[in-house]
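Biologist: I have a model open and would like to go through it with you. Could you take me through it one region at a time?

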Amino acid sequence: MTIYKAPVEDVGFLLNDVFQFDRYNNLPGFADAAPDVREAIINEAARLSEEVLHPLNTVGDEQGCTRHDDGSVTTPKGFKDAYKQIAEGGWMGLSSPAEYGGQGLPITLTQTVQEFLNSANMAFAMYPGLTMGAAAALTVHGTPEQKQIYLPKMVSGEWTGTMNLTEPQCGTDLGLLRTKAVKQADGSYKITGTKIFISAGEHDMADNIIHLVLARIEGAPAGIKGISLFVVPKFLVNADGSAGKRNGVVCGSIEHKMGIHGNATCTMNYDDATGWLVGEENKGMQGMFVMMNEARLGVAVQGLAQSEVAYQNAVEYARERLQGRALSGPKATDKPADPIIVHPDIRRALLTMRSFNEAARALVLWTALKSDVAHRSEDAKERQAADDHLGLMTPVLKGVLTDTGFANTVMAQQIYGGHGYIHANGVEQFVRDARIAMIYEGANGIQALDLVGRKLPRDGGRAVMAFFAEVGAFAKEHGGDEAVKPFVTPLSTSLGHLQQATTWLMLNAMAAPDNAGAGATDYMHLFGLVACGYMWAKMAKVAQDKIAAEGATPYLTTKLVTGRFFMERTLPATALHLARLQTGSATTMELPAEAF
Ligand SMILES: Cc1cc2nc3c(=O)[nH]c(=O)nc-3n(C[C@H](O)[C@H](O)[C@H](O)COP(=O)(O)OP(=O)(O)OC[C@H]3O[C@@H](n4cnc5c(N)ncnc54)[C@H](O)[C@@H]3O)c2cc1C
């Protein structure tokens, strides 16, 4: 049996002290999230995650989903009831517009809740998560009629949503997509084709499933320029808004896969299914990008969430497992051996995980606040700066939080020794569940290419320059402060590495694009480390100020030690990434394919 305790105190420190949430009260929705409201929401999300969703995590893993001969799918025992609680509690509409029945609260709060849900039960959390992503795409690109038909029911959780991009021959390269759309006299389309790996494609938890589907209209240009987005409901919607006749889309099979067994990964067969165009013809990627960007941040949170729950269980185990004696002499003299938490190597692993999780959580909330500004500010310049930040940080968060999140679940498993390899102890499920986050929503290699090839050069490098300016200004302002020097000095060194790497790419990637491709993953991780280092420096400054003003607390003291560990032990990897990147692509590309 695994444990999970939502990191409520850490979230409170970040929202209230580090990012000063109330400073944003001029933005719509923020004033409604006053400190007492926020606290109530966060505490209730914690309770739901700890008491309702986490106990179902092993159940979901062991039972998985079952497809029946008629194409229907049954979710694991308890999922349906838990989903009802999520829907009826209004959790799916926390940040949705009030006109569709949502509460209009900041996205930052939704991201906080998402971390808890995904730590507690990632496979389950995907059902509401994908629905929110699909609703976001319809909110931005749907017609007024489509919004009226679908959004209230998706926001309330009565209906769920999916995203359908992948086909057998078409994964990363969506230009290869074949699903066909034929226009009908009434303006609708007949959709025919096969989509694979569709998360939450079929299940028994909601009355209708609203599929957002990429397809090619007959006669459209080949490649990515000929793709359109369609909304295809499982049940066609009656004039009174209720779910009516069955549409021509069925789940042909479900995958037996490494992890997230509680989430149905479906092959969806579309056979003359009725769909309606969302947005303009051949501009489907614009609509899908809204959903994909939402989903990428959501997947980044999954990486953090699995790392956090794995860490918590590893700590518990390390406190209880008795093996060997401390190098400095026995500590538990009344016991036959010391708990393994006395060993420096176990502490190294625990602090590596913990110091990453706390920085990653800060990074998620910092970026979520930018998302709120980008969507809600009335000031065009402020909106643009926030949007620049979102564009730049989305691939960094997705790639780094899921790569490191997975590595941390393996680290947690290692702390269990052989017991970590045994299913009954639970930690191996975190490893299996976390693994997918590195692959879907654009595999991490593709995130790195997006960062280097698109996000860096965009608008003449405006976003990256703003990031350098902000981190540089912080280091300059606090560089003379003795108390935060252990944070600011290494941050400045690593920022220098990132700036050198950026300059190297500017000088070497245009002429030889393989230099960018070969160094992209290193660059993405170098970027993520600097961003985490910046978060630590900010958190340390606030913690020091709080200690000076109000006195030390165990939380604040632990925070500072954890942060120093990150700066000493994790951040120096920026030098390694820079060195690797600067070797270029010559050796990587030298061998012919047949030599491998
Ligand atoms: C459990 C699960 C759930 C999923 N859920 C959904 C879903 O809900 N909806 C949906 O539409 N899809 C979903 N997917 C599909 C997923 O998004 C794809 O698997 C993913 O996008 C990669 O596509 P692919 O598997 O075809 O790999 P490929 O595109 O064949 O890529 C193989 C490898 O090559 C690399 N690669 C490819 N092209 C390049 C390039 N140009 N440069 C460098 N490297 C490259 C990739 O990074 C990857 O490592 C899901 C998949 C799984 C396993």
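Modeller: Let us begin with leucine 236. Leaving aside residues up to four places away in sequence, leucine 236 touches Ser242, Ala243, Gly244, Lys245, Asn247, Thr274 and Trp276. Please keep in mind that this is a predicted model.

Biologist: Which strand holds leucine 236?

Modeller: Leucine 236 sits in strand S8, which spans residues 235–237.

Biologist: And is leucine 236 buried or exposed?

Modeller: Leucine 236 counts as buried, because its relative accessibility is 18% and the cut-off for buried is under 20%.

Biologist: How far is leucine 236 from asparagine 208 in space?

Modeller: Their C-alpha atoms are 8.9 Å apart, while 28 residues separate leucine 236 and asparagine 208 in sequence.

Biologist: Let us turn to the ligand. How many residues surround the ligand, and which are the closest?

Modeller: The ligand is surrounded by 18 residues, and the closest are Leu165, Thr166, Thr172, Phe197 and Ser199. By type, the shell has 10 nonpolar residues, six polar ones and two charged ones.

Biologist: Which strands and which helix each supply at least two residues of that shell?

Modeller: They are strand S3 (159–164), strand S5 (189–199) and helix H12 (444–455). S5 gives the largest share, with three residues.

Biologist: Which side chains place a polar atom 2.7 Å or 2.8 Å from a nitrogen atom of the ligand?

Modeller: A polar side-chain atom of threonine 166 is 2.7 Å from a ligand nitrogen. For serine 199, an N or O atom of the side chain lies 2.8 Å from a nitrogen atom of the ligand. The backbone also takes part: a polar backbone atom of methionine 163 is 2.8 Å from a ligand nitrogen.

Biologist: How much of the ligand's accessible area does the protein cover?

Modeller: On its own the ligand has 970 Å² of accessible area, and the protein covers 61% of that.

Biologist: Changing topic, what does UniProt say about domains?

Modeller: An unreviewed UniProt entry places "domain: Acyl-CoA dehydrogenase/oxidase N-terminal" at residues 80–158. In the model, residues 80–158 are 70% helix and 0% strand, with end C-alpha atoms 12 Å apart. The unreviewed entry also lists "domain: Acyl-CoA dehydrogenase/oxidase C-terminal" at residues 282–451. Residues 282–451 are 72% helix and 0% strand, and the end C-alpha atoms of this span lie 25 Å apart.

Biologist: Now helix H1. Which of its residues are buried?

Modeller: Helix H1 covers residues 8–18, and its buried residues are Asp10, Val11, Phe13, Leu14, Leu15 and Val18. Their cover includes helix H2 (35–53), helix H5 (107–120), helix H9 (344–376), helix H15 (513–550) and helix H16 (554–570).

Biologist: What follows H1?

Modeller: Glutamine 20 follows H1, and its phi is positive, near 45°.

Biologist: You mentioned H9. What does glutamate 358 touch?

Modeller: Glutamate 358 is part of helix H9. Apart from residues up to four places away in sequence, glutamate 358 touches Asp10, Trp536, Met539, Lys559 and Thr562. Asp10 is one of the buried residues of H1.

Biologist: Is glutamate 358 buried or exposed, and what polar contacts does its side chain make?

Modeller: Glutamate 358 is buried, since its relative accessible area is 6%. Its side chain makes a polar contact of 3.0 Å with the side chain of arginine 354. Another polar contact, of 2.9 Å, joins the side chains of glutamate 358 and lysine 559.

Note on methods
Residues numbered from 1 in each chain as written. Predicted model: local features only at pLDDT ≥ 70, side-chain atom pairs only at ≥ 80, totals over all residues. Heavy atoms only, no water. UniProt positions renumbered as here; feature names shortened; annotations may be inferred. Helix = DSSP H or I, 4+ residues; strand = E, 2+ residues; numbered from the N terminus. Near = heavy atom within 4 Å. Polar contact = N/O pair within 3.5 Å; in protein donor to acceptor, adjacent residues only side chain to side chain. Areas by Shrake-Rupley, 256 points an atom, 1.4 Å probe, with all protein chains shown as cover. Nonpolar A, V, L, I, M, F, W, Y, C, P; charged D, E, K, R; others polar. Buried < 20%, exposed > 50% of the residue type's maximum accessible area, 1.4 Å probe, protein only. Contact = heavy atoms within 4.5 Å.
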